[in-house]
Amino acid sequence: MSDISTAIQQLVNYGLDTGLILPDDEIYIRNQLLMTMQLDSFTAPEGEVCYTDLESILKTLLDDAVARGVCADNSTARDLFDTKLMGVLTPRPSIVRANFEERYENEGPQAATDWFYQFSQDTDYIRRYRIKRDLKWVTKTPYGDLDITINLSKPEKDPKAIAAAKLAPQSSYPKCQLCVENEGYAGRMNHPARENHRIIPLTINDSAWNLQYSPYVYYNEHCIVFNNNHTPMKIERATFRKLLDFVALFPHYFVGSNADLPIVGGSILSHDHFQGGHYEFAMAKAPIEKPWVFPGFEDVEAGIVHWPMSCIRLTCADDARLVELADKILTAWRGYTDEQCFVYAETDGEPHNTITPIARMRDGKFQLDLVLRNNITTPEHPLGVYHPHAKLHHIKKENIGLIEVMGLAVLPSRLKQELFDLADVLMAHLPTAEYPEALQKHAAWAEEILAKHPELNADNVHLILQDEVGHVFAEVLTDAGVYKLDEAGRAGFVRFLESV
């Protein structure tokens, strides 16, 4: 019991140290933790109670709960239970919102988001110790420095958890993981626990929206801005208004939306939402390659961005003018066909053209990047013509959403082990026919790497592989670009701009 009493006191002390709870709350919170652990007594530890980190405190408590049958022994059940413990320490939504608003009013938007981001980590909603496992590096390319990440923080379900989820009763509450009803929800085997989750209400385009952080932080202060209602994703005139309203509220953040069509859209098309954060991506740093003046919008600086995906940048001090012009471009693109460039507005009544929009403040002016997207498929490219082509699927097969569009690759966790094993076979100069099955998909790529890098050795093999993954991602972006960076592509892009 003394070990568990110590761990409970450590968690109370952690709450006091992070300011999640105040000294007046100590006895109450300790009793709430005892109740959650299904314990009815506590022995005060002797002397000062220290701790190294939150992860080890929670592990001690989880191991004890599992040993006593209070918590099932699988990864999902453990995540549900430690979130329940952290929920005890997390202040109520009204307190969190009052804190945020007070900072916003008195110290400004950045102080408010700084506090909320730290708070979301302290409550363990963002599990810092998991995010640290993600692999990250930067690859220099002709388009700038691309960010590459192998995502290891999103928990992979173990077989026991998958089996339990299948048996769990189906529920449509909350309707999805973005709904406001997640705030404080205990979760279940097929829906994550959210007792420690808090959201900040916002008004954009005169409608109710909310701000929260992503638990899987792909970049600094990765936030999600989502509609108060469970309503499908839609790119329309109002979208541009909402994005610009958001950056007016938080000028230090960018915000963008995934496209609203399958293949080129994001993973959740059922709930209208944006992603933003305090980070500058390679695309934001990319220069204008060809300036353009839209007739009637001479006051808007515009042009084609030097970027592998087809991007139009608009900048103006007057946000209403940007909404007007962006809507005009969107309307033109939705109905635009150019057979020479294999751009079809629709086939058999199915629409193909949409836009991935991104907003930011730049030198006191509003800026919109509009990335042209098209989701047409062919027998040769069944997953999408403007999607990573089959020869790149060994690295990236999934949708190219907003984050990738801007120059950050979110790659599957399997790559960590595969790249490690690939380094070994490259060093051994093993013939590709003898590669283990898991590496066969990389065989042709491995041969290219060996031919390109005669200097490959034990000291540089991992760096060379990382660099080559970055170059594959640059090819992924090129595949996803509607207008290619060649003469025909540039001419096609100009034809579209002229049609607006």
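The buried residues of helix H16 (buried meaning under 20% relative accessible area, with exposed over 50% and partly exposed in between, for a 1.4 Å probe and protein chains only) pack against strand S8 (288–292), strand S9 (301–305), strand S10 (311–316), helix H11 (319–334) and strand S14 (365–374). These buried residues are Gly489, Arg490, Gly492, Phe493, Val494, Phe496 and Leu497. Helices (H or I, at least four residues) and strands (E, at least two) are DSSP runs numbered from the N terminus. The model is a predicted one, in which local features need pLDDT of at least 70 and side-chain atom pairs count only at pLDDT 80 or more, while totals for chains, interfaces and linings use all residues. Residues are numbered from 1 along each chain as its sequence is written, and side-chain values use heavy atoms, with hydrogens and water left out.

Helix H16 covers residues 487–499, and because its 13 residues at 1.5 Å a residue should span 18 Å, the distance of 19 Å between its end C-alpha atoms agrees with expectation; the expected span is 1.5 Å times one less than the number of residues.

The strands form an open sheet of ten, in the order S3-S4-S5-S7-S6-S13-S14-S10-S9-S8, with antiparallel pairing, where two strands pair if DSSP finds at least two bridges between them. Strand S3 (200–204) and S8 stand at the edges with a single partner strand each, so one side of each is left without a neighbour in the sheet. From one strand to the next, the twist averages 25°, angles running from 0 to 180 degrees between the N-to-C directions of axes, which are lines fitted to C-alpha atoms, for helices over the stretch in contact.

Strand S4 (residues 207–213) pairs with S5 in the antiparallel sense over five bridges, and Asn210 stands opposite Phe226 in S5. Helix H6 (residues 109–122) packs on the sheet by touching S3 and S4, and its direction makes about 55° with that of S4. H16 also packs on the sheet, touching S8, S9, S10 and S14, with its direction at about 30° to that of S8.

Within strand S5 (residues 223–227) lies Val225, which counts as buried because its relative accessibility is 0%. Leaving aside neighbours within four places in sequence, Val225 is in contact (heavy atoms within 4.5 Å) with Leu202, Ile204, Trp209, Asn210, Leu211, Phe246, Val255, His273 and Phe274. The C-alpha atoms of Val225 and Leu34, which are 191 residues apart along the chain, are separated by 36 Å.
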